[in-house]
Amino acid sequence: MPATVAPVAASAATAAAAALAPSVVLAASLAYLAALFAIAWWADRRAAAGRSVIGNAWIYALSMAVYCTAWTYFGSIGRAASGGVWFLPIYLGPTLGMVLAWLVLRKMIRIARRARITTIADFVASRYGKSRLLAALVTLLALVGVVPYVALQLKAVAAGYELLTGVDATTAAGSTAHSLLALAVALVLAGFTIAFGTRHLDNTERHEGMVAAIATESVVKLVAFVAVGGFVVWGLYGGPDDLFARALAAPAIARVLQPGAGGFAFDAWFALLVLSMLSVILLPRQFQVMVVENVDERHVRRAAWAFPAYLLAINVFVLPIAAGGLLYFGKGGADAETFVLSLPLAGGHGALALAAFIGGLSAATGMVIVEAIAISTMVCNDLVLPLVLRLRRYAERDLTGVILGIRRTVIVLLLLLGWLYFRVAGDAYALVSIGLISFAAVAQFAPALFGGMYWKGGTRDGALAGLAAGALLWAYTLMLPSIAKSGWMDAGFIEHGLFGLAALRPEALFGLAGMDNLTHALFWSLGANAALYVGVSLARPPRAAEASQALQFVDVFERGSEGRVFWRGTARVDDLLTLVGRFLGAERAQALFAAHARERGLAGGIAALPADAALVQFAETQLAGAIGSASARVMIASTVQEEALDLDDVLGIVEEASALRHLNEQLQSLDRLKDDFMSSVTHELRTPLASIRALTELMRDEADMEPAQRQQFLGIVVAETERLSRLVNQVLDMAKIESGNAEWRTGDVDLGALVEQAVATMSEMLRERGAVVTIDRPAAVPALRADADRLLQVLINLLSNAAKFAPAGRGRIDVRLRAGANGLTLEVEDNGTGVPPAQQQSVFEKFRQGGDARNRPQGTGLGLPISRRIIEHFGGRLWLRSESGRGACFGFDLPYRIEETTT
């Protein structure tokens with residue numbers, strides 16, 4: 001029986017009394033980080049040996065769970081303890097968003113892979129003509145928005161350590177230890193990130209070690225959280241029924257569990273849903289693991305359901321832990337955000353509490369590591385590197401070491417900024433509130449990013465205007481009030497408005513009141529952002545550079561889109577090779593250019609490479625993977641002599657690429673035609689040739705063969721020879737018809753008489769097969785305008801086909817001719833087994849449409865495709881009616897007066 005201790009007003013001192021030794025907590029934490037380091041090192045070694053461990057859909061789905069940070073681990077319980085189920089929108093949003101993963105996420109992955117895009121800033125800037133200004137704006141907003149999120153992780157780890165070790169942060173010594181611990185965590189994580197995130201420059205080479213470590217952390221935090229949840233439900237209480245019965249019996253806790261708890265309204269629920277749905281893709285760390293680190297697009301299919309399943313699993317115990325903590329400690333008895341630690345500790349399970357702390361450490365470190373890698377790349381490529389490249393002393397030197405140094409410095413500074421924010425404002429806000437500020441910041445990328453993926457009319461000016469307005473409104477309505485409430489600036493403007501204007505109150509802008517702060521900020525910032533993006537984009541058409549990139553993004557799944565190169569000018573191979581070598585290293589540049597030459601089928605290697613548009617694009621794409629698309633565009637422009645393109649030039653290039661693609665498809669179709677044609681000809685000629693050869697050899701070897709037997713064999717040989725001759729004529733005729741060189745002799749044709757002639761021509765073959773033919777036709781038939789010889793060929797083909805399908809010795813073939821008001825209908829029906837439904841569509845297949853003779857019913861041969869072409873030439877239609885086991889009826893309809901079609 002589980003313990004049913006539920007001291008409703010138990011003091012948090014119970015947990016403090018069971019505190020663990022600081023040395024134990026530190027040793028366990030360092031051991032865990034060392035284990036992560038070993039896993040990352042092992043994964044990198046495997047990757048270097050060509051045995052990747054991340055090329056697995058499960059690893060990809062687990063890496064997505066970096067979305068679940070300390071916010072999930074600690075903050076969700078705090079939110080549930082005050083608002084009941086209102087913590088759910090943060091996880092329902094991503095779940096709903098993953099429904100569209102195959103359409104949206106897969107498109108992002110395809111675009112990023114083709115253009116070697118490595119950050120979300122690069123993605124947005126590349127779409128709008130590779131704008132450096134736009135890349136810088138996205139980077140600044142991401143940096144400002146992410147710093148509070150990093151602070152959140154440091155706060156969570158420090159608070160957890162305090163609780164486990166019993167440190168009192170309200171004392172001077174405790175406060176100092178609290179701060180130093182957060183600083184130490186920041187520096188350790190900076191070292192880990194540098195070790196596995198900035199070892200090489202070409203960021204399209206995936207961080208295998210980092211991804212493996214993140215996937216491991218996702219498992220650890222899930223197992224630890226579920227273990228605590230199980231302990232609370234079945235260890236402290238007698239199961240879910242007992243727990244919630246006790247909670248509902250306590251009025252104060254029962255109110256929290258009601259749907260309307262926490263003072264939230266529908267607009268807040270909807271805002272959180274939209275915000276989290278956007279953030280799961282737009283957060284820099286999510287873009288890193290979901291887009292940049294993706295190994296195979298097909299992994300998205302599994303992740304689309306596995307990631308939501310993970311979110312469900314890690315949240316299933318949030319409400320039980322919150323209710324259990326409120327029951328155990330009473331409202332206000334302990335910080336609800338630390339229930340996941342304090343409950344096991346108070347229950348005397350120090351080891352479980354330590355495991356829970358390691359799980360929380362996993363949640364925090366995973367976010368910090370990936371976010372630091374993404375932000376350092378963005379800041380380096382889009383803020384610092386453009387300034388470095390202007391310095392004359394860096395004009396010609398190898399910059400690989402410089403760039404790596406910049407990124408490592410940015411990682412350290414980012415974590416120090418997070419620590420500083422934690423010191424300044426961290427204590428004034430709950431974990432969830434800090435996280436929502438970051439969510440609202442990255443949501444401003446949505447109009448430009450998603451609009452650019454699906455709308456060719458979006459422009460750079462529209463994206464700049466929308467993003468700038470959204471960022472300013474986010475800062476004014478959400479970020480600045482949070483700083484003011486922390487006591488670091490005058491809070492008067494919150495109540496009275498900027499310059500004393502009530503209309504400019506940041507939490508009731510232009511008199512819009514009645515919303516919570518987050519919903520209000522999201523309404524104004526995202527609304528203005530989207531409106532300006534669309535409005536300014538519609539004010540003028542895209543420039544040539546924007547239009548060319550729009551085609552690459554919007555039409556990324558179209559066949560042949562990868563062959564478009566929007567560049568004209570002159571360049572030198574040596575200059576391009578030297579430029580790429582400056583940023584990737586001379587040895588690597590040589591290897592890349594040599595591989596490119598092999599891909600183009602140039603036996604002479606680099607020396608044989610032409611300095612054409614394709615090579616310029618290749619060099620720019622390689623640079624983009626290292627320094628971002630905007631900086632790569634500038635560096636290429638400084639090396640080559642480029643001709644400016646206008647919109648007509650871009651459209652002309654698209655038309656040229658489309659024409660080349662069409663020509664290539666025609667050549668492939670002709671190649672298939674040749675293979676299928678030869679396959680069918682070989683199949684059809686093999687039978688008569690084999691019969692003639694076998695009978696000839698038999699008559700030659702059997703000198704004493706009876707005269708009657710010999711005469712019979714000679715008759716068969718003659719019949720097979722005639723069949724062979726007819727097949728050869730069919731082959732030649734089909735070749736003429738397919739090539740458009742057939743001769744047509746049009747005149748008046750009596751189809752009734754032609755039917756009689758066809759039956760007489762086939763009489764010998766029909767007699768041998770034992771088939772009986774009946775003809776049902778009017779005495780007088782109106783004349784047709786057609787080619788008599790061609791129609792006779794069609795009739796012979798249909799009779800021959802019916803004879804093959806009819807059962808030997810008891811076949812029956814009914815030929816029916818009917819005259820209608822507009823034309824004639826002829827039917828040839830047999831009593832064979834019929835044509836299976838699955839094969840009926842392929843009976844008339846033409847070779848040039850990809851039909852394969854092996855897929856047509858046995859015996860239909862070349863005659864039916866030729867017959868269809870003849871009938872269609874004279875404006876008619878050849879058709880089949882068949883039920884399996886009840887024979888087949890082939891027929892055609894021909895009009896009396898025909899306008900011949902071009903063949």
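Biologist: What makes Cys380 count as buried?

Modeller: In this predicted model, Cys380 has 0% relative accessibility, and since buried means under 20% relative accessible area, exposed over 50% and partly exposed in between, with a 1.4 Å probe and protein chains only, Cys380 counts as buried. Cys68, with a relative accessible area of 1%, is buried too. The structure holds zero disulfides, a disulfide being a pair of cysteine sulfur atoms within 2.5 Å.

Biologist: Why is helix H17 called largely enclosed by the rest of the structure?

Modeller: Helix H17 covers residues 339-346, and because eight of its eight residues are buried, H17 is largely enclosed; among them are Phe339, Leu341 and Pro344. Helices here are DSSP runs (H or I, at least four residues), numbered from the N terminus.

Biologist: Why is H2 called oblique to H8?

Modeller: Helix H2 (residues 22-48) and helix H8 (residues 132-165) pack at an angle of about 140 degrees, with their axes 9 Å apart. Angles under 35 degrees count as roughly parallel, over 145 as roughly antiparallel, 65 to 115 as roughly perpendicular and the rest as oblique, so H2 is oblique to H8.

Biologist: Which residues of H2 and H8 meet?

Modeller: Pro22, Val25 and Leu26 in H2 meet Tyr161, Leu164 and Thr165 in H8, where contact means heavy atoms within 4.5 Å.

Biologist: What should I know about the numbering and the values?

Modeller: Residues are numbered from 1 along each chain as its sequence is written, and side-chain values use heavy atoms, leaving out hydrogens and water. Local features need pLDDT of at least 70 and side-chain atom pairs count only at pLDDT 80 or more, while totals for chains, interfaces and linings use all residues.

Terms used: Axes are lines fitted to C-alpha atoms, for helices over the stretch in contact, and angles run from 0 to 180 degrees between N-to-C directions. Helices (H or I, at least four residues) and strands (E, at least two) are DSSP runs, numbered from the N terminus.
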